Structure formats: structure tokens, C-alpha cells
Amino acid sequence: MGGPHDVRRPVMRRPRILVGSPLQLLLLACSFALTAYAGVRLLADDWFGVALWVVGAALLHDLVLLPLYAAADRAVVRGLGARREWVPYVRVPAALSALLLLVWFPLISGAVERRYRSATGLSPDGFLARWLLISAVLFGGSALLLVLRLRRATKGRPPAVH
């Protein structure tokens, strides 16, 4: 296009930063301010204990819990074999049940029975039974949903010829 002395230089462009609406920016700034406030309040008394708890929780999750539930999930996938579309019907109630167990474990195990009774005036008995009942309802509801979906899928198919 130009002569021998025409040297084209690449055009340096400034990266575009996508900025949302002013409301989004305000909400983001408020969330950072709230996080900073909570962090300062949390770390004010026992920063070493909090840091130790966070690191310990991360290590426990990554080194113990993740391999356990990955192995359990792999066993479910292998156990169902060709029926891989059924895996979510086991995975979702199992995850919710495990989450509830994690939240209620101190009360289910009885480790905080005395503190719970003195703080609330209620008996901690029944948490194991409630967790088992909720887990049974989750798995039963998931199984019912699977049966209904399988039934609806087979209604639209022509009958198999033998």
C-alpha cells in the first residue's frame, strides 16, 4: 500500500472494562465494605484461631472430604452403569442430606447436648430422627420424580415388538 518506508505498527488498544450500571457499582462497593467490616470484626479477637480454622477447614475438605465424596459419586455412576441419566436423582438428595448432616452433626452426635439445652431450654433429642426422616423424604421424592419422568418418557414411545 505504501512505499518501502511505510512501517505499520500494531495499534495498542487499551483494554475495555465493562462497567455495569451505577446501581451495580454501588452494590459492589457496599458488599466490599461489608466484607471488610466483617473481616475486621472477625479477626479482631482471635485472628490466629480464625486463620487456623480456615486453613484447617480447607485442608480437611481438600484432603479428606473431596476424595470421599468423589469416590462415592464414582461408585454411584459405576453402579448405575448405562443409566447415567439417573445419577442426578441420587446425587442431589445425597448432597442435600450430607449438607444437613454437616450442619446438624454437633446435635446429632450429642457433642453439644448440654450447651444446646442450657442455651435454648430444649432437648436435643430427635435431631438424628429428623435428619433421617428428611433424608428419606429427599430420596423418596427423588425416586418418585424419576419414576414419573420415566413413565412420561415411555408413554410417548410405540410398544416394543418382540
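This is a predicted model: local features need pLDDT of at least 70, side-chain atom pairs count only at pLDDT 80 or more; totals for chains, interfaces and linings use all residues.
Trainee: How many helices and strands are in the chain?
Mentor: Four helices and zero strands, in the order α-α-α-α from the N terminus. Helices (H or I, at least four residues) and strands (E, at least two) are DSSP runs, numbered from the N terminus.

Trainee: And how much of the chain counts as buried?
Mentor: 10% of the 162 residues. Buried means under 20% relative accessible area, exposed over 50%, and partly exposed in between, with a 1.4 Å probe and protein chains only. The chain exposes about 14200 Å², and carbon and sulfur atoms supply 69% of that. Accessible areas come from the Shrake-Rupley method with a 1.4 Å probe; for residues, only the protein chains shown count as cover.

Trainee: Where is the kink in α2?
Mentor: At valine 103, shortly before proline 106, and the kink is about 60 degrees. The bend at a residue is the angle between axes fitted to the seven residues ending there and the seven starting there. Helix α2 covers residues 87-109, and glycine 110, which follows α2, has a positive phi near 85 degrees.

Trainee: Which residues of α2 are buried, and what covers them?
Mentor: The buried ones are Val87, Tyr89, Pro93, Ser97, Leu107 and Ile108. Their cover includes α1 (22-80), α3 (113-120) and α4.

Trainee: What is serine 142 in contact with?
Mentor: Leaving aside neighbours within four places in sequence, serine 142 is in contact with Tyr89, Val90 and Pro93; contact means heavy atoms within 4.5 Å. Serine 142 sits in helix α4 (residues 127-155).

Trainee: Why does serine 142 count as buried?
Mentor: Because its relative accessibility is 9%.

Trainee: What about leucine 132, where is that?
Mentor: Also in helix α4. Leucine 132 is partly exposed, at 45% relative accessible area.

Trainee: Switching to aromatics: how many pairs?
Mentor: Three aromatic pairs. Rings of Phe, Tyr and Trp (its six-membered ring) pair if their centres lie within 6.5 Å; planes under 30 degrees apart count as stacked, over 60 as edge-to-face and the rest as tilted. One of the pairs is tryptophan 47 with phenylalanine 48, edge-to-face at 5.9 Å centre to centre and 85 degrees between the planes. Both of those residues are exposed. Tryptophan 104 and phenylalanine 127 are also edge-to-face, with 5.6 Å between centres and 80 degrees between planes.

Trainee: Which helices hold tryptophan 104 and phenylalanine 127?
Mentor: Tryptophan 104 is in α2 and phenylalanine 127 in α4, so the pair ties together parts 23 residues apart in sequence. Phenylalanine 127 is buried, at 9% relative accessible area. Trp104, Tyr116 and Phe127 form one aromatic cluster.

Definitions and conventions: Residues are numbered from 1 along each chain as its sequence is written. Side-chain values use heavy atoms; hydrogens and water are left out.
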